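Here is a short report on one chain. Look over the sequence and the structure, then read on.

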Amino acid sequence: MKTANWPRTVAGVLIVAVLLFPLYWMVNASLQPSGALLRPDPAFFPVGGTLDGYRKAVSTQGPNLLSSVVVALGTVLVSLLVAAPASYALAQLKVRGGPALVFVLLIVQMIPGIVMANALYTVFSNLGLIDNYLGLVLADSTATIPFAILLLRAFMISVPKELTEASRVDGAGYWRTFGSIILPVSRNALVTAGLFSFLFAWADFLFAVTLTTGQSFEPITVGIYRFVGNQSADWNGIMATAVLAAVPAAVLLVVAQRYVVAGLTSGAVKD
């Protein structure tokens, strides 16, 4: 049995190596002086490294990192507040036009982001939501809510109806059943939907560059873009900024890994 699993082990090691190799070079470049990166044969290890790049990155991109955290957490909150009850209604209740709504959600996923960004810019400009945290959170939520609904619905369909029916027999209403029965058993799916929403908002560039001007605030993705333009010769500072931007996403993926795996597979098979 152990011998039969060696191809899977080798494949896993290769995948991890492929993913970690670019990250290693980012960290390596961030610790070397800028001049060292321009050599024909750059060092494989940051011998005589420096933290100047990280000092510059924290001083210039620290507020942008905080802005991205606020936008990403706000997107998670809005997405789950809308997607969780909507998924419950589509999965457990007899909603008229439910299949048609699911089809519409699938179609929405195919709309190019640039189309959404241009349309939202016109609307948000009239509402005064340009350079506004709420505007960027709502913009990111337009992309994350449909995906979260589809993901949560796939899990909630597999929840035995006997649980909700027993709750209704005890006198609980729809909202009480949703809060006391559906949400607790959907923990893994909720974590998965929230994580994907956070990662999308964290990595979003299109909505961020369209709906912000940099006068009030800007997320880290836009900050890196403008930092590269202003500091094209300071590659260790650029790489240090990229490493700092990757840390929150990497930590979340490691911490929530078991919830994500369970959330993605729990609704795949129905007894």
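## Burial and surface

A residue is buried when its relative accessible area is under 20%, exposed when it is over 50%, and partly exposed in between (1.4 Å probe, protein chains only). By that rule, 35% of the 271 residues of the chain are buried.

This is a predicted model: local features need pLDDT of at least 70, side-chain atom pairs count only at pLDDT 80 or more, and totals for chains, interfaces and linings use all residues. Residues are numbered from 1 along each chain as its sequence is written, and side-chain values use heavy atoms, with hydrogens and water left out.

The chain exposes about 15,400 Å² (Shrake-Rupley method, 1.4 Å probe). Carbon and sulfur atoms supply 70% of that area.

## Overall build

Helices are DSSP runs of H or I with at least four residues, and strands are runs of E with at least two; both are numbered from the N terminus. The chain has twelve helices and zero strands. From the N terminus on, the order is α-α-α-α-α-α-α-α-α-α-α-α.

Contact means heavy atoms within 4.5 Å. Take the contacts in the chain with a separation of 6 or more: 75% of them join residues 24 or more positions apart.

## Helices α2 and α11

Axes are lines fitted to C-alpha atoms, for helices over the stretch in contact; angles run from 0 to 180 degrees between N-to-C directions. Helix α2 covers residues 52-92 and helix α11 covers residues 235-255. Their axes come within 8 Å and cross at roughly 50°.

Which residues of α2 meet α11? They are Gly 53, Tyr 54, Ala 57, Val 58, Gln 61 and Leu 65. Their partners in α11 include Asn 236, Ala 240 and Leu 244.

## Helices α4 and α5

Helix α4 (residues 113-127) and helix α5 (residues 133-156) have axes that come within 11 Å and cross at roughly 145°. Met 116, Leu 120 and Phe 124 of α4 make the contact with Gly 135, Leu 138, Ala 139 and Thr 142 of α5.

## The loop residue Asp 131

Asp 131 is found in the loop between α4 and α5. Is Asp 131 buried or exposed? Asp 131 counts as buried, because its relative accessibility is 17%.

Most residues other than glycine have a negative phi. Phi of Asp 131 is positive, near 60°.
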